[in-house]
Amino acid sequence: MNSEKLSKRLETVVSYIPKNSTIADIGSDHAYLPCYAVQAGIAASAIAGEVVKGPFESALKQVKLNALENQVDVRLGDGLDVLRPGEVDCITIAGMGGTLIASILEKGKNKVENARLILQPNVSAVSIRVWLMDNGWSLTNEEILEEDGKIYEVLVAEKGNPEAGYSREDKEAQLLMGPILSQEGNAPFRKKWTQELTQWKAILKNMEQAEETPALEERRNDLLGKIKLVEEVLNR
Ligand code: SAM
């Protein structure tokens with residue numbers, strides 16, 4: 001992968017960037033995504049944010065290599081701290097856990113109003129859906145895809161009715177699995193949740209050998225609850 005040829009995962013993220021927008025890619029690493037988005041004429045300009053010095057320097061190098069210094073601004077800092085309120089129309093955050101992405105959004109809440117969010121969690125997309133729901137964001141699109149044997153989710157959100165697309169009876173399962181993704185139920189979706197079920201059932205089996213404690217009981221009930229939710233969706 002480089003800034004001319006992106007992974008299918010990052011291409012999917014880019015496909016939701018509005019034309020001619022100013023974007024911020026947070027946790028940009030090599031800045032492949034912002035360089036590509038600008039070179040392809042999708043974003044008018046971009047900010048690449050990085051908190052770690054090494055990746056920040058790789059981003060600077062990549063921008064220089066592509067002579068994009070006037071369009072891609074590389075900034076060192078934590079999450080959305082690198083932005084001024086209202087500075088960008090679209091924020092991408094990809095390749096991190098959902099809990100970290102949700103905490104970055106929570107910490108920089110005042111910077112994200114009116115922007116489109118395109119989020120690609122590697123795990124725990126549920127943490128992001130819960131954050132969006134609690135903070136008045138509407139989930140406008142979701143995608144799930146497989147690349148090199150790994151399954152990725154992409155969530156797109158804009159300020160709006162957070163309940164849109166969710167139903168009262170199904171909300172818990174929809175937060176876990178995605179209201180749009182569960183509706184579509186495509187092959188990567190079925191594969192992901194079948195794998196999760198297998199893992200959870202193996203954990204339950206191992207628990208049978210462990211000494212019974214209140215914490216163990218809580219964990220078991222949590223797993224049994226999730227297994228029921230997921231099986232119901234897969235069996236529809
Ligand atoms: N976004 C790229 C992608 O999807 O291929 C790179 C993903 S890389 C696994 C995660 C990057 O996020 C790392 O370079 C890490 O330093 C950066 N990162 C982690 N926490 C961050 C934070 N709070 N603020 C900015 N960058 C962060």
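Contact means heavy atoms within 4.5 Å. Helices (H or I, at least four residues) and strands (E, at least two) are DSSP runs, numbered from the N terminus.

## Basis of the model

This is a predicted model, in which local features need pLDDT of at least 70 and side-chain atom pairs count only at pLDDT 80 or more, while totals for chains, interfaces and linings use all residues. Residues are numbered from 1 along each chain as its sequence is written, and side-chain values use heavy atoms, with hydrogens and water left out.

## Helices α4 and α6

Two packed helices are described by the angle between their axes and the distance between the axes. Axes here are lines fitted to C-alpha atoms, for helices over the stretch in contact, and angles run from 0 to 180 degrees between N-to-C directions. Helix α4 spans residues 98–107 and helix α6 spans residues 125–134. Their packing angle is about 25°, and their axes are 6 Å apart. The two helices are therefore roughly parallel. Angles under 35 degrees count as roughly parallel, over 145 as roughly antiparallel, 65 to 115 as roughly perpendicular and the rest as oblique.

The crossing of α4 and α6 is right-handed. A crossing is left-handed if the near helix is turned anticlockwise from the far one by less than a right angle, and right-handed if clockwise. From α4, the contact takes in Gly-98, Thr-99, Ile-101, Ala-102, Leu-105 and Glu-106. From α6 come Ser-127, Ile-128 and Trp-131. By class, the contact of α4 with α6 has five nonpolar, three polar and one charged residue. Ala, Val, Leu, Ile, Met, Phe, Trp, Tyr, Cys and Pro count as nonpolar, Asp, Glu, Lys and Arg as charged, and the others, Gly among them, as polar.

## Helices α9 and α10

Helix α9 (residues 187–207) packs on helix α10 (residues 214–234) at an angle of about 150°. Their axes are 10 Å apart. That angle makes α9 roughly antiparallel to α10. The crossing of α9 and α10 is left-handed.

The α9 side of the contact includes Phe-189, Trp-193, Leu-197, Trp-200 and Leu-204. Among the α10 residues they meet are Leu-216, Leu-223, Ile-227, Val-230 and Leu-234. Charged members include Arg-190 and Lys-201 in α9, with Arg-219, Arg-220, Lys-226 and Glu-231 in α10. In all, the contact of α9 with α10 has 14 nonpolar, one polar and six charged residues.

## Cysteines

The whole structure contains zero disulfides. A disulfide is a pair of cysteine sulfur atoms within 2.5 Å. The sulfur of Cys-35 lies 16 Å from the closest cysteine sulfur, that of Cys-90, which is too far for a bond. Cys-90 is likewise in no disulfide.

Cys-35 is buried, at 0% relative accessible area. Buried means under 20% relative accessible area, exposed over 50%, partly exposed in between (1.4 Å probe, protein chains only). Cys-90 is also buried, at 0%.

Thr-22 sits in strand β1 (residues 21–26). Thr-22 is partly exposed, at 23% relative accessibility. Beyond its neighbours within four places in sequence, Thr-22 contacts Ser-45, Glu-87, Val-88, Asp-89 and Cys-90. Thr-22 and Ser-182 are 160 residues apart in sequence and 32 Å apart in space, C-alpha to C-alpha. Thr-92 belongs to strand β4 (residues 90–96). Thr-92 is buried, at 0% relative accessibility. Setting aside neighbours within four places in sequence, its contacts are Val-13, Ile-17, Ala-24, Asp-25, Ile-26, Leu-33 and Ile-118.

Glu-50 is in strand β2 (residues 43–50). Glu-50 is buried, with a relative accessible area of 7%. Arg-75 is 25 residues from Glu-50 in sequence, and the pair is 6.4 Å apart, C-alpha to C-alpha.

## Positive phi in loops

Asn-114 has a phi near 70°, a positive value in a residue other than glycine. Asn-114 lies in the loop between α5 (109–112) and β5 (116–121). Asn-114 is exposed, at 71% relative accessibility.

Asp-148 is not a glycine, yet its phi is positive, at about 50°. The loop that holds Asp-148 runs between β6 (137–147) and β7 (150–159). Asp-148 is exposed, at 76% relative accessibility.
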